[in-house]
Amino acid sequence: TVSNPTASPTSATTYTLTETNNGCSASNSVTITTKALPAANAGSSSTVCVGEAAFTIGAASVGSDTYAWGSTPSGLTSVISNPSVQPTTTTTYTVTETGTNGCSNSNSIKVTVSPIPLAAVAGAQTICAGSSVSIGSGTAVAGNTYSWSPSTALSSSTVSNPTASPTSATTYTLVETNGGCSASNSVAITTKAIPAANAGSPATV
């Protein structure tokens with residue numbers, strides 16, 4: 001109902017205008033042809049661990065299309081369709097693909113970088129048989145999971161700092177997981193035999 005509307009067709013479309021003035025009408029048509037947008041395939045968002053090997057993002061190139069990559073924070077500048085990246089902090093990567101028809105499209109992915117957990121353990125210790133000792137180190141990190149093995153003679157195998165009461169030499173291994181990142185460390189506990197302290201037998205003298 002207006003003289004100059006905006007059209008946003010998704011496929012080729014012919015629009016016809018009929019204008020009426022005091023009983024008189026006239027019509028004209030205009031054809032709008034659409035050109036396909038390139039996919040601008042940036043890949044999928046993901047989570048990686050600090051220090052993980054470089055990996056590729058994006059996808060295979062399409063024909064003679066051109067590509068321009070950027071990142072936030074800055075660091076990546078590339079004109080290939082699937083560059084290699086190795087972020088040290090959480091980064092958003094954006095690709096703009098321009099097709100041979102002159103149309104451009106952009107997409108982004110986010111690569112979340114998770115720290116490697118400490119998996120902190122106590123130092124090697126020697127205890128007397130029947131005694132107990134804490135084998136973890138530090139305070140549990142909220143959201144992290146802990147798994148000790150073997151679980152033999154432990155107060156718990158799923159806390160950061162359990163108490164161990166082994167009856168023989170035992171090496172305990174902790175695996176700490178933070179999101180998709182894990183680390184492990186071990187601690188050896190050596191036991192010493194308790195002396196008999198044999199006082200002899202009761203006697204009457």
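Analyst: The largest pocket has a volume of about 270 Å³, a volume being the space filled by probe spheres set on grid points that are joined across faces, edges and corners. This is a predicted model, in which local features need pLDDT of at least 70 and side-chain atom pairs count only at pLDDT 80 or more, while totals for chains, interfaces and linings use all residues. Residues are numbered from 1 along each chain as its sequence is written, and side-chain values use heavy atoms, with hydrogens and water left out.

User: What makes a space a pocket rather than a cavity?

Analyst: On a 1 Å grid over the protein atoms alone, a cavity is a set of points where a 1.4 Å probe fits but cannot get out, whereas a pocket is an open set with protein on both sides within 12 Å along at least five of seven lines; lining residues have an atom within 4 Å of a point. Of the 13 residues lining the largest pocket, the closest to its centre are Ser 3, Pro 5, Tyr 15, Leu 17 and Val 30.

User: Why is Thr 91 called buried?

Analyst: Buried means under 20% relative accessible area, exposed over 50% and partly exposed in between, with a 1.4 Å probe and protein chains only; Thr 91 has 5%, and is therefore buried. Leaving aside neighbours within four places in sequence, Thr 91 is in contact (heavy atoms within 4.5 Å) with residues including Ser 71, Pro 73 and Ile 109.

User: How do you know which strands pair with β14?

Analyst: Two strands pair if DSSP finds at least two bridges between them, strands being DSSP runs (E, at least two residues), numbered from the N terminus. Strand β9 pairs with β14 in the parallel sense over 4 bridges, and 9 bridges join β13 to β14, which run antiparallel.
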